[in-house]
Amino acid sequence: MTGTEPGDIGRRVFGDRLPQAQAYADRLATVGIERGLLGPREAERVWDRHVLNSVAVAGLLPEGASVADIGSGAGLPGIPLAILRSDLTVTLVEPLLRRSTFLTETVAEVGLDDRIRVVRARAEELDERFDVVVSRALAPLDRLAGWCRPLVAADGMVLAIKGRSAADEVSSHEATLRKLGLAADVLTVTADPDLEPTYAVRLVTT
């Protein structure tokens, strides 16, 4: 698995949905870089660092869940999750015009506009509830929790894809999370046993 080629792992993870995943990866590696949504060096890491990393949390999402991807940027993790899980309905929330334009174009090109909508807004501006609110490398956990807490439906959850310091971040912001009525646990997940683990913080209401 190198660059924009999915390799055996990508093929194994996406199965018959690989053509959509490949179309998205190709768009990330071309238009996404041209418009500054990804750095110029990211073309060689689109699959392992972005697409497959995003779907590491797919197994944590309930069947038929409504999902909000906050600060979606280039569509990560929302678009890969929608490709892999055809039962999900996904809202990509992105305040910047150039990014939301890219998202709207990409969703149409990949053929997902029946299950994904793009909302140009900040998380704080939404007046909706979702089963799952996801984010990837967006903000420190205390700020992220404050943005996401009002968007979580009863019995819903926040899933924040983080780095190796996820547990330390939870410890650092424990008091803030408690004030928000949220309990946190850190999960080690992966889309495939042959991939490096991904760390996710799961927040649920108490």
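Ile161 is buried, at 4% relative accessible area; buried means under 20% relative accessible area, exposed over 50%, and partly exposed in between (1.4 Å probe, protein chains only). The model is a predicted one, in which local features need pLDDT of at least 70 and side-chain atom pairs count only at pLDDT 80 or more, while totals for chains, interfaces and linings use all residues. Residues are numbered from 1 along each chain as its sequence is written, and side-chain values use heavy atoms, with hydrogens and water left out.

**The surroundings of Ile161**

- Not counting residues up to four places away in sequence, Ile161 touches Asn53, Ser54, Val57, Pro77, Ser135, Arg136, Ala137, Thr198, Tyr199 and Ala200; contact means heavy atoms within 4.5 Å.
- Ile161 and His50 are 111 residues apart in sequence, yet their C-alpha atoms are 11 Å apart in space.
- One of the residues touching Ile161 is Ser135, which belongs to strand 4 and is buried at 1% relative accessibility.
- Beyond its neighbours within four places in sequence, Ser135 is in contact with Asp69, Ile70, Pro77, Leu144, Leu159, Ala160 and Ile161.
- Pro77 is found in the loop between strand 1 and helix 4 (78–84), and a cis peptide bond with omega of about 10° joins Leu76 to Pro77.

**The whole chain**

- The protein chain has eight helices and seven strands; helices (H or I, at least four residues) and strands (E, at least two) are DSSP runs, numbered from the N terminus.
- The radius of gyration is 16 Å, close to the 17 Å that the globule rule gives for 206 residues, so the chain is as compact as a globular protein of that length. The radius is taken over C-alpha atoms, and the globule rule is 2.2 Å times the number of residues to the power 0.38.
- The C-alpha trace spans about 45 × 35 × 30 Å along its principal axes.
- Of the 206 residues, 53% are buried.
- Among contacts between residues at least 6 apart in sequence, 66% join residues at least 24 apart.

**The sheet**

- Seven strands make an open sheet in the order 3-2-1-4-5-7-6, with mixed pairing; two strands pair if DSSP finds at least two bridges between them.
- Strands of a sheet pair through backbone hydrogen bonds, either parallel or antiparallel.
- At the edges are strand 3 (116–119) and strand 6 (182–189), each pairing on one side only.
- From one strand to the next, the twist averages 20°.
- Three bridges join strand 1 (residues 66–70) to strand 4 (residues 130–136) in the parallel sense; Val67 has Val132 of strand 4 as its bridge partner.
- Strand 5 and strand 7 are antiparallel and share six bridges, with Lys162 opposite Tyr199 of strand 7.
- Strand 6 and strand 7 also run antiparallel, joined by eight bridges, and Thr188 has Tyr199 of strand 7 as its bridge partner.

- Axes are lines fitted to C-alpha atoms, for helices over the stretch in contact, and angles run from 0 to 180 degrees between N-to-C directions.
- Helix 5 lies across strand 2 (89–93) and strand 3, at about 165° to strand 3.
- Helix 2 (residues 18–34) and helix 5 (residues 97–110) pack at about 145°, their axes 10 Å apart.
- The contact involves Gln20, Tyr24, Arg27, Leu28, Val31 and Gly32 from helix 2, and Phe102, Glu105, Thr106, Glu109 and Val110 from helix 5.

**A few residues to look up**

- Ala137, in the loop between strand 4 and helix 6 (141–148), has a positive phi near 50° although it is not a glycine. Ala137 is exposed at 69% relative accessible area.
- Asp155 is in strand 5 and has a positive phi of about 65°, again in a residue that is not a glycine. Asp155 is exposed, with a relative accessible area of 81%.
- His173 lies in the loop between helix 7 (166–172) and helix 8 (174–179), and at 17% relative accessibility His173 counts as buried.
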